[in-house]
Amino acid sequence: MDKMNKKFFQVINNYRIYFLCSLVFIAMAIFVPNFLTVYNLTNILKGMSLNVMVAIGFTIVMICKELDLSIGTTLTLGAMFVIGFQPALGWGWSLLIAVLAGALVGLANGFLVARAKIDSFIVTLGTMTTVQGIIFLYGKGYALNATDFTVADWLETPIIPFLPPRVLITIVLVLLFQVLLARTRYGRGFYMVGANRETAWLAGLNTEGYVIVAFILSGITAALGGALFAMSLSSATPTIGTSSLMIVVAATIIGGTSMAGGKGSILGSAVAVLTLTILYNGLTNLGAGYEIQILASGLVLAMVVLYEAYALYRADKVKGQRPELLKEVRMLQEGSKGS
Amino acid sequence: MLVKSERIELNKRRTKTAGWIEKFGVYIMILVLLILGTLISNKFLTIDNLANVVHAVALLGIVAVGVTFVTYSGHFADMSVPGIIALSGMVAVDMLRYGLVVSLASGLVTGLMVGLINAFVVGKLRANPIIWTLAVAFVINGVVRWLYRGEQIYPDLKAGEKLATAFVNLARINIGGAVPITVVVFLVMVIIGQLLLTKTKFGVQLKLIGSSYEVARMTGVNVTGMVGLAFILSALAASIGGILLTSLVKIGAYYNGVGYDFRAVTAIVLGGVSLAGGKGNMIGVLGGVVVIGLLNNILTLLGVGTFSQTIVQGLVFILVVWFNTYSLRKLGKADG
């Protein structure tokens, strides 16, 4: 009975994000008026796609046991470049430049982390600041506007119910990377590198290459997400990505990616972003302002980090204890008392 | 071909030089920047300008001194610093109507509370310090925006003209008619910090924890308490900085203190405190803070805008960390 209970909780914990998502969805459907309308649900999907896209790369980096704090500014860089270059070069080239810029930031991060062996937190803190400077220098601190609005209309109009192209692209990318990471030999390598770099290296994996690729992917998905978001708005501001870092970090950890590396899934992160987006949407419909959103996601992140830390602390406390032996000792003691 | 003993001698000398550069390298940088500044502008090497440089970074220095304890203990950095700065400043303004003493005390207590929470979660539960303090920063940001509906608060509207003037003048006191109080507080904190690190049990144990957490724990060091104390000191320093900053800008706002986390870490790393922990001193941090000030000053004199200054700061930061890590590896003190 005890064992079954334990197993039950383990299953719940492993799939906690799916339970959480359903729970939040049901709660919002009950309490929030006009929540279950096609318009609102489409809005939720649109609202999630930017952060889901960014979360893909961030999750891969986190699975590698690294941290990428530069995603917020990288996504802004992508947004600024795609809008900034559009009048001169057209959408195709400007999108390419934006994504390349993201890849370049990722490459710099990856190189400094993997080859120069600097802690990823420090490196990305540095690149975050540098990129922030570049953004302000490029846009002179102003918002940029596109001159062609056809793409925005196309990206935002649902082609199948609920699913505008921007959402579709996001979902396809999530599924693609989920399969790539969980089902291919190369993808599994990320987990190995994150879980134990030494072992991965001894097993013949190019660990440095993996880390660099993880950061490049993070840069690309962040820039692409930012670029698509800006395209759908036809404009970009230098502060477009400020709240994303918090939401993506929170979602990735809630979605089951471990801070200790080697554990997590992109689908989990995506569903976690969806959960947070539903939460914001519901709160906004109930009349709560932006500050409540920030507070809510901060609290959720803090709770999850606290829970994870507490679970590890508990596990550490009982490490090395043998419950079955303890039980035997107790039985013997009771037996001796009885006689 | 060198004889073995000669080679050891050479290695020793090399290690010594590397160690020396690591300890005082930041002062060489200051010297270079001073020379560079003098060559660039004749306005640079004046007492007025140099005093301005120190004044401009004194607040950053106050915060950096606190964060140094966290870095020294091998826990990277306290990312909740900007949140604490904003929150303690706003609480101080809000409490001003009960008098200046209450206002200052409540500001400090606010910082202390956040520090206690960090101390418990990181020290006792061993949560990842970066992610946790980042989460705390987000929560504080949310709380402050929610409590004050995302608005700024003004001392004179909260507490009347008289108390507001007293509060606003707080950061404008000049000791001896010439030295601003922020600079004095900064220097006093550097001295106290240096004494704490080198002359007390706390400092020595913190060094051991920073060098190797497990060894410290096995040796019987109260790791929970010492790491906790480091986070509490960091929060306390940040709230002192927050109150002074709020007094200086005359507004309590949720965006006060943005960027202080990064700039404090930059100063600390520039000052030769190793991010791996257990290495460095406050005199170096003082140097690191001054380097940031000089760098900004020279860039301004060159006519470089604020935005480009951010880029330069970021690049300098990465370069210094790179050099730091590289020299550590050469010394064989870091793995990899």
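Trainee: How far apart are the mean positions of the positive and negative charges of chain A?

Mentor: The mean positions of the 22 positive and 15 negative charges lie 7 Å apart. Lys and Arg count as positive and Asp and Glu as negative, with His and the chain ends not counted; each charge is placed at NZ of Lys, CZ of Arg, CG of Asp or CD of Glu. This is a predicted model, in which local features need pLDDT of at least 70, side-chain atom pairs count only at pLDDT 80 or more, and totals for chains, interfaces and linings use all residues. Residues are numbered from 1 along each chain as its sequence is written, chains are lettered from A and ligands numbered from 1 in the order in which they are written, and side-chain values use heavy atoms, leaving out hydrogens and water.

Trainee: Why is A:C21 called buried?

Mentor: Buried means under 20% relative accessible area, exposed over 50% and partly exposed in between, with a 1.4 Å probe and protein chains only. A:C21 has 10%, and therefore counts as buried. A:C64, at 1%, is buried as well.

Trainee: Which residues of α7(B) are buried?

Mentor: Among them are B:F186, B:M189 and B:L197. Their cover includes α2 (47-72) and α10 (223-249) of chain B.

Technical notes: Helix = DSSP H or I, 4+ residues; strand = E, 2+ residues; numbered from the N terminus. Contact = heavy atoms within 4.5 Å.
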